[in-house]
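I opened this entry to record what I looked up about helices and nonpolar cores. The model is shown below.

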Amino acid sequence: MNAEVFNQQHILFDETATTQDEAFRVIAEFAHEMGFVTNAQAYFEGLKEREAEATTGFKDQLAIPHSKNPAVLKPGMFLVKFAHKIPWQALDGQPVKVAFALTIPEEGATEHLKLLSLIARKLIDQTFREGILTETEPKKLATIVNQIDF
């Protein structure tokens, strides 16, 4: 994985979110703090707009929220593990515990959509999914995520 797109500092353990809006707010604030978006509110709105088009909830309590948005400065991926199960209209009807959140710049979006596809394909791997869901050590989580070859 390209370290500029994802590294261990891109992992967040959130204790606060209990709704999808709160989860999107946490993701947007984190992306802003990390310098990937110019405006957390604009990115938050972009996440909500994208979710309204179709669910980003995958299966097995995993989601891939993302937004191609003018507020995005550069491509990024963030792994957010939620302490609470987040109600999400996921494909399997289950709440979400882990999100792979993507910041997608308007320029170069096709390259980032490739990453979205690579994540979705990797989530088919049961060992990968279980590792993401159960691991709590950031260094080990980063090693698991880095199996995604981008």
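**Helix α1**

I looked up α1 (residues 20-33): the helix has 14 residues and reaches 20 Å from its first C-alpha to its last, close to the 20 Å expected at 1.5 Å a residue, the expected span being 1.5 Å times one less than the number of residues. Helices (H or I, at least four residues) and strands (E, at least two) are DSSP runs, numbered from the N terminus. The model is predicted: local features need pLDDT of at least 70, side-chain atom pairs count only at pLDDT 80 or more, and totals for chains, interfaces and linings use all residues. Residues are numbered from 1 along each chain as its sequence is written, and side-chain values use heavy atoms, with hydrogens and water left out.

Just after α1, G35 takes a positive phi of about 85°.

**Helix α4**

I found F128, R129, G131 and I132 buried in α4. Seen down the axis of α4, these residues fall within an arc of 165° (directions from the helix axis to the C-beta atoms), so they line one face. On the other side, T127 and T134 are exposed, that is, over 50%.

**Core**

Of its 25 residues, M77, L79, F100, I119, I132 and I148 touch the most other members.

Terms used:
Core = buried A, V, L, I, M, F, W, Y, C linked by side-chain atoms within 4.5 Å. Buried < 20%, exposed > 50% of the residue type's maximum accessible area, 1.4 Å probe, protein only.
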